[in-house]
Amino acid sequence: MSDGGIEVARVYDPPGARPGRRVLVDRMWPRGLSKADARMDEWCRDIAPSTELRRWYAHRPERFAEFQRRYLVKLADTDHAAAMAHLEDLVLQGSLTLLTATKDPTISHAGVLAERLAGERGIDIE
């Protein structure tokens, strides 16, 4: 098995030609999207930030650095261990696309998660 790349994309966007697994990493199901139209392989809601952290952050860019710090702390706790191990296994199997409903994935938990997964293995984020 070889390491694949990691991509972050909006769940509402059509999938590209890129092979690999597509995993929704949001806690809540995306508004207005039917399960039939989701075009994803699985939903890993246990890796998402807590409701409290998500509400505090509110996708305010000036809070992103602190949100990132807090979320990385949460990713290291035992509550997220199984979900992290699963995503790490998927990365080892090939390319992985982390899906989110967030309007700006670059300042989302999906981006933070991608950096954490990629950083441990020296994998590219596309």
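Reply: Helix 3 (residues 81-93) lies across strand 1, strand 2, strand 3 and strand 4, and it runs at about 135° to strand 4. The model is a predicted one, in which local features need pLDDT of at least 70 and side-chain atom pairs count only at pLDDT 80 or more, while totals for chains, interfaces and linings use all residues. Residues are numbered from 1 along each chain as its sequence is written, and side-chain values use heavy atoms, with hydrogens and water left out. Helices (H or I, at least four residues) and strands (E, at least two) are DSSP runs, numbered from the N terminus. The angles run from 0 to 180 degrees between N-to-C directions, with axes fitted to C-alpha atoms, for helices over the stretch in contact.

Helix 4 (residues 109-119) also packs on the sheet: it touches strand 1 and strand 4 (contact means heavy atoms within 4.5 Å), and its direction makes about 160° with that of strand 4. Eight of the 11 residues of helix 4 are buried, leaving the helix mostly covered. Here buried means under 20% relative accessible area, exposed over 50%, and partly exposed in between (1.4 Å probe, protein chains only). The buried residues are H109, A110, G111, V112, L113, A114, L117 and A118. They pack against strand 1, helix 2 (64-75), helix 3 and strand 4.

The sheet itself is open and has four strands in the order 1-4-2-3, with parallel pairing. Its edge strands are strand 1 (6-10) and strand 3, each of which pairs on one side only. Two strands are said to pair if DSSP finds at least two bridges between them.

Five bridges link strand 4 to strand 1 in the parallel sense, and A9 has L99 of strand 4 as its bridge partner. Strand 2 (21-24) also pairs with strand 4 (residues 96-100) in the parallel sense, over four bridges. Along this pairing, R22 stands opposite T97, and L24 stands opposite L99. Because five of its five residues are buried, strand 4 is largely enclosed by the rest of the structure. In a regular strand the side chains alternate between the two faces of the sheet. Both faces of strand 4 are covered, with L96, L98 and T100 buried on one side and T97 and L99 buried on the other.

On the other pairing of strand 2, two bridges join it to strand 3, and these two strands run parallel. V23 has E42 of strand 3 as its bridge partner.

The loop between strand 2 and strand 3 contains two residues of interest. M40 is found in this loop, and it counts as partly exposed because its relative accessibility is 22%. Leaving aside residues up to four places away in sequence, M40 touches R22, L24, W29 and L99. The C-alpha atoms of M40 and L99 are 8.3 Å from each other, although the two residues are 59 residues apart along the chain. R39 lies in the loop between strand 2 and strand 3 as well. With a relative accessibility of 41%, R39 counts as partly exposed. The backbone of R39 has a positive phi of about 50°, although R39 is not a glycine. Most residues other than glycine have a negative phi.

C44 is placed in the loop between strand 3 (42-43) and helix 1 (51-57). Its relative accessibility is 9%, and therefore C44 counts as buried. Residues up to four places away in sequence again being left out, C44 touches V23, L24, V25, A83 and L87. A separation of 6.6 Å lies between the C-alpha atoms of C44 and V23, which are 21 residues apart along the chain.

H59 is found in the loop between helix 1 and helix 2, and its phi is near 55°, a positive value in a residue other than glycine. H59 is partly exposed, with a relative accessible area of 34%.

To return to the sheet, its order is 1-4-2-3, strand 4 has five of its five residues buried, and helix 3 lies across strand 1, strand 2, strand 3 and strand 4.
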